[in-house]
Amino acid sequence: MRNVTLRQLRTVEAICRLGKINLAAEALRVTGPALTLQIQQLERDAGVPLFDRTRNGMVPTAYGIAFLEAARAVEDSLVGLEDSISAIKGLRTGRLRLGVVSTGKYFAPQLIAAFRDQTPGIEINLFIGNRAEIITKLRDHEIDVALMGRPPRDVEVRAQVFGDHPLVFIANAGHALAGVLEISRERIAQEQFLVREKGSGTRISLEIFLSGTPHRLEELGTEIASNETIKQAVIAGLGIAFISAHTIEQEVKLGRLVILDVVETPIRRQWFSVSRLDRVTTPAMQAFERFLLAQGARYLPVVSKPYPANAFG
């Protein structure tokens, strides 16, 4: 494997990404036959098949996927090298590919703007997606740093906390429980819930919260794929929701939503910055992680329970 070239690794990556020899050849600006010869030579040198040739294109074998991982790791290292050279020269430049779970879109723009004010030479590419999408991109070396509420368990990562992440129950202002104090777990469990997709951080936290309530998890509620739709559905009176307090700041201020006073809530989770343990930490990543640690929490929205005026006598 010591004789594997960067060109060969890029060839493997292009074929895995595009699925066909002719498309990979076009992307790499070589001929199809030349690309085929490169792969055949690499397979002979490695002594293993890298692709299965099917009617639908080239499908990587387990060996091919291992080569793909190596190709992506090498590309990450080259990006890190470029950033390091710039840092040694005294240039505060670089690139940061940032992934943010969808709940984080309510504070990520302000956080990024503050970071760019301090480091204008660092280019930031932002991707927002659900938890599963962010973990996939982290696993596939498509993002450098992820902001999420719970680090993944199936990818070895570095994770650092940069702020609190409170989760609360919400209802519309006219709901029977609005303004009621110390709502019990058993009482809130009787409500109709609007929930995120399976695997989302808020849904997992809700399942843990209700796990002691008999039979409640069998039919948790109506599944809705976005926080925005959930909020609109709650406002319309279709049910209540368990949601990140960071997503409802404006609606609470306008009186369209209320936070319910459920015992043992808010549930305090944390926001993490997450990166792969096996990759080189670039100067751009280091600068961003230092910024998060020192200043990240101040860009998180703050929402408190709006108790009625006569709540405490």
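## Domains, cores and aromatic contacts

The chain's domain assignment, automatic or taken from a database, gives domain 1 (6-70) and domain 2 (165-268). Their centres, taken over C-alpha atoms, are separated by 48 Å. This is a predicted model, where local features need pLDDT of at least 70, side-chain atom pairs count only at pLDDT 80 or more, and totals for chains, interfaces and linings use all residues. Residues are numbered from 1 along each chain as its sequence is written, and side-chain values use heavy atoms, with hydrogens and water left out.

**Nonpolar cores**

- The largest nonpolar core has 32 residues, and L98, L147, F162 and F288 touch the most other members. Such a core is a set of buried Ala, Val, Leu, Ile, Met, Phe, Trp, Tyr and Cys residues joined through side-chain atoms within 4.5 Å.
- Elements supplying at least two residues each to this core include strand 3 (94-101), helix 5 (108-118), strand 5 (145-148), strand 11 (267-276) and helix 11 (283-295). Helices (H or I, at least four residues) and strands (E, at least two) are DSSP runs, numbered from the N terminus.
- Helix 11 gives the most to this core, with six residues.
- Apart from this core lies another, of 19 residues, among them F169, A189, V258 and V262.

- Leaving aside neighbours within four places in sequence, L147 is in contact (heavy atoms within 4.5 Å) with residues including L98, F162, W271, S273 and F288.
- S273 lies in strand 11 and counts as buried because its relative accessible area is 2%; buried means under 20%, exposed over 50% and partly exposed in between, using a 1.4 Å probe and protein chains only.
- Beyond its neighbours within four places in sequence, S273 is in contact with V145, A146, L147, R158, A159, Q160, F162, E289 and L292.
- F51, found in strand 1 (residues 51-54), is also buried, with a relative accessible area of 2%.
- F51 and V12 are 39 residues apart in sequence, yet 9.2 Å apart in space from C-alpha to C-alpha.

**Rings and charges**

- The structure holds nine aromatic pairs, meaning rings of Phe, Tyr and Trp (its six-membered ring) with centres within 6.5 Å.
- One aromatic cluster is formed by F115, F288, F291 and Y299.
- K137 lies over the face of F127, 4.6 Å from the ring centre, and the charged end of R185 sits over the ring of F209, 4.1 Å from its centre. Here NZ of Lys or CZ of Arg must be within 6 Å of the ring centre and within 35 degrees of the ring normal.

Methods:
Rings of Phe, Tyr and Trp (its six-membered ring) pair if their centres lie within 6.5 Å; planes under 30 degrees apart count as stacked, over 60 as edge-to-face and the rest as tilted.
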